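This report covers strand pairing and surface charge in one structure. The sequence and model are shown first.

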Amino acid sequence: MRAVNVGLCLLFASLIQAKVYFREEFDDSWESRWVASTHKGSEAGKFVLSHGKFYGDAEKDKGIQTSQDARFYALSSKFQPFSNDGKSLVIQFTVKHEQNIDCGGGYAKIFDCSLDQTDMHGDSAYQIMFGPDICGPGTKKVHVIFNYKGKNLLINKDIRCKDDEYTHLYTLVLKPDNTYVVKIDNEKVESGELEADWSFLEPKKIKDPSASKPDDWDDRAKIDDPNDTKPEDWEKPEHIPDPDAVKPEDWDDEMDGEWEPPMIDNPEYKGDWKPKQIDNPLYKGAWVHPEIDNPDYVAEENLYRYKEFCVFGFDLWQVKSGTIFDNILITDDEDAAKQIGEETWGVTKVAEKKMKDKIDEDERKKRDEEEKSKKSEPKDEEEEEEDEDEDDDKDDKSKEKEDKEGGEDKHDHEHDEF
């Protein structure tokens, strides 16, 4: 019990010490804090405040929802500028694709103070881009993109995002030891070193430009057996004339040309002959190009560090609208972010699923009742006439079948007499 109390005290102390740079849980006044970009004009979509069709808590689950199909969405909010120099950076928010999204982004971008919020668009320079992206069955991933010296660097790993209709919590942790962690629903799904998983720097090693494979290097593991010879009876044609074919009685050589039997596969055909393979006595293995230190490699101790963060934004394209964003947090404390995630997304996720399950069950029952009612409805005159026509067609087909069978019996009888 004492250990539990100590743990709670440490967590409470962490929450007190945590620095929260930006937090947004969206209420009726949210529009006063956010700026919509006008760059796309009539192609721009509108965010609306909504808890969606199903939710765990009608107030806590309110977020901003994309409301128009096939639109660009560009919205941002500014906060007090800060640098993550010497400390962790944690970016966290929830995404709910309740429309069962087929193609569209669910990621966020963090900018410096140079961003013109009213003109934000896809080519606006950002510092970090993070979050899920879905487009068809082939793209279901979590983006983690860092801007480094003017270039946007994509992660070298594939992190799969959630593709169901429920709310999910996405968290990126960037640490001052140049490592990172990606979490979904407060569970780690990926982690590693920045230098290893992004192409920030030139490679430490390169292939020695002065080295080349020796001319006498034999990298063939197997070779043809020099003592193996092709059997004398190997050569057989692939196709032969059908020996059972008979020239038709009505074949006219003058009219039809000279008759030739059709060709069939030759059962004795063995294919192209190849000598058997044996181990190569001169095999030296695969040649490995030797490497040397890269003279262009320069170590960087502060890959994680950014001088300035100032704006949180959504810059998206969605074919099918309906995504809800909520519970945005930027802080310097991973434990605090986890706790806040449990206090927001964590307390409503079970009730949200329960409500969704009930809606699905009600819809299923409604469909079953409609189908049952449709089958029990009396047929109208038009349907009865169609049924009568179908019956007449069946009678006609039955009579044709009887006539045909009678004709076949007559033909068989005549054949027996002959």
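Eight bridges link E9 to strand E10 (residues 139-148), and the two run antiparallel. Helices (H or I, at least four residues) and strands (E, at least two) are DSSP runs, numbered from the N terminus; two strands pair if DSSP finds at least two bridges between them. Pro132 has Val142 in E10 as its bridge partner. E9 and E10 make a hairpin with three residues between them, and Gly136 in the turn has a positive phi of about 70°.

The model is predicted: local features need pLDDT of at least 70, side-chain atom pairs count only at pLDDT 80 or more, and totals for chains, interfaces and linings use all residues. Residues are numbered from 1 along each chain as its sequence is written, and side-chain values use heavy atoms, with hydrogens and water left out.

Strand E7 (residues 103-105) is joined to E9 by three bridges and runs antiparallel to it; Gly104 stands opposite Ile134 in E9. Strand E8 (residues 108-111) is also antiparallel to E9, with three bridges, and Ala108 stands opposite Phe130.

Seven of the eight residues of E9 (residues 128-135) are buried, so the strand is largely enclosed by the rest of the structure. Buried means under 20% relative accessible area, exposed over 50%, and partly exposed in between (1.4 Å probe, protein chains only).

## Asp252

Asp252 lies in the loop between strand E17 (239-241) and helix H3 (253-256). Asp252 is partly exposed, with a relative accessible area of 33%.
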